[in-house]
Amino acid sequence: MGIKMNAFIPYYGLEHTEKTIKNLKKTKLISKVFLLTESSLDKTIKGCTNLPVDNFFSSNTMKLIADNCKTAYCLFIMKDTLIEIGQFGLERMLNVANDTDAGIVYSDYYEIKENVRSAHPVIDYQVGSLRNDFEFGHLVLFNKKALKKVMKSGINDYKFAGFYSLRLKISQFFRLARVQEFLYSTVEADVRKSGEKQFDYVDPRNREVQVEMEKACTEHLKEVGGYLEPKFNEINLDEENFECEASVVIPIKNRAKTISDAIQSVLKQKTNFKFNLFIVDNYSDDGTTDIVKSFAKQDQRIIHIIPKRKDLGIGGCWNEAVHHPKCGKFSCQLDSDDLYKDDNTIQKIVDKFKEEKCAMVIGSYQMTNFDLQEIPPGIIDHKEWTWDNGRNNALRINGLGAPRAFYTPLLRKLKIPNVSYGEDYAVGLALSRDYQIGRIYEPIYMCRRWEGNTDAALPIDKINNHNLYKDRIRTHELLARIKKNKMKKK
């Protein structure tokens, strides 16, 4: 193949960048290398051109790449790390780009952590891949035609969301193609476990970044017809009669270590209404069942369910409780290894439902270790949620918060996906399409992080499965919202 390309590489003056450039030039496909540098850096690498930038992912940087790309394709290295190109790796990316006319091509790769090489697959891009932290890996191949088209249409000035906005706009006109092959290797510097990374997007230190990301996502939703104006359907909270005002739902499997704490945090609640507790026991075999039975004998508010079905995930267990005739008007979530922060949590949730006449209420929580000592990032309050744009921004972030509570009649109509990951997110997105969601910004929930959590240290395949599922949820929801807007215009 005679196609050549320019390469754009972040450069901090570190030695490994020079090694990366040598590895790239060995392919004979790189015609020119541009170093994206901070303005204060006066170092360079022989044969390369420095391009001072304000931020590696800003709109100005994306414009610089587009302006300086003189080849049909250009390679953007997204992280300052050592890159080794696999056998004909760049040729393969170019072939796919040329054959499919994709706007962006990316691929699986190998990563080296603590001197161990392992496979790091990524996932396919779809219309619902709206997360700003969607992983493309370390190498992205831009089609110059896509860059020119987007730049001609104009892009907003973002300090942090430039790349995010660019790839969203490219996706409106071009395919984003993943090569399901390991085309390069890289040294991975972030060795944190998955459970430590998943809250980066709500870290208060990243607030300015998140505001920009929300703006870019909202802009995209308006352009594709998926944006929802702040107009909501009204709810009559008295349309049905319920024996209890509220029910707490705890799906459980093998939580002998924590279930007693969770149960006690419910039973000590002080309310001016009647409530009960559903514990849906999904065939525990570690002694959990006996613990629950013991509590149920002492307190008639506890309804212990062992489903007849053996094919239920967490969502399926929720359905067992929600469709039970004794389920209350409001269904309140509590995970089996967490607990309510004080004895007023349920009262605060129900008061919020009545105050705002909403379909769902989401609180704030405090991150703790097993011994309930606060750990970073501390309080997760999701203050990025706003009345007018929360349900649009919900398509970008990876979760809506906790604890979650629902108006039971709507939950019974909607049905909860029978899965054990993302079921709450799917329900929240679907409800927010038509109804307002109420928020409580003070911490009312204690979220324990410990080695027993299902997402404490997940392998990459499991992380990918989770992300792929949530992207599919977003795809379905985005298409539903586009359809809703089209129907309104008829």
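The structure is a predicted model, in which local features need pLDDT of at least 70 and side-chain atom pairs count only at pLDDT 80 or more, while totals for chains, interfaces and linings use all residues. Residues are numbered from 1 along each chain as its sequence is written, and side-chain values use heavy atoms, with hydrogens and water left out. Helices (H or I, at least four residues) and strands (E, at least two) are DSSP runs, numbered from the N terminus.

An α-helix has 3.6 residues a turn, so residues three or four places apart point the same way. At the N-terminal end, asparagine 143 caps H4, with a side-chain oxygen 2.9 Å from the backbone nitrogen of lysine 145. After H4 comes glycine 154, which has a positive phi near 95°.

Helix H10 (residues 314–322) has seven of its nine residues buried, so it is largely enclosed by the rest of the structure. The cover over these buried residues includes strand S10 (246–252), strand S11 (275–281), S13, strand S17 (404–407), helix H13 (408–414) and H14.

Two buried loop residues come next. Aspartate 338 sits in the loop between strand S13 (330–333) and strand S14 (339–340), and its relative accessibility is 3%. Leaving aside residues up to four places away in sequence, aspartate 338 touches Ala262, Tyr445, Met446, Cys447 and Arg448. Its side chain makes a polar contact of 2.9 Å with that of tyrosine 445 (a polar contact is a pair of N or O atoms within 3.5 Å; within protein, one must be able to donate a hydrogen and the other to accept it, and residues adjacent in sequence count only if both atoms are side-chain atoms). A polar atom of the aspartate 338 side chain also lies 2.9 Å from the backbone nitrogen of arginine 448. Threonine 27, in the loop between helix H1 (15–25) and strand S2 (30–37), is buried with a relative accessible area of 15%. A polar atom of its side chain lies 2.6 Å from the backbone oxygen of leucine 24.

Finally, the backbone itself deserves a look. Most residues other than glycine have a negative phi, and most peptide bonds are trans. Here, a cis peptide bond joins proline 376 and proline 377, with omega about 5°, and another joins alanine 402 and proline 403, with omega about 0°. Glutamate 114 has a positive phi of about 50° and is exposed, with a relative accessible area of 68%. Histidine 382 also has a positive phi, near 50°, but this residue is buried, with a relative accessible area of 2%.

How values were computed: Buried < 20%, exposed > 50% of the residue type's maximum accessible area, 1.4 Å probe, protein only. Contact = heavy atoms within 4.5 Å.
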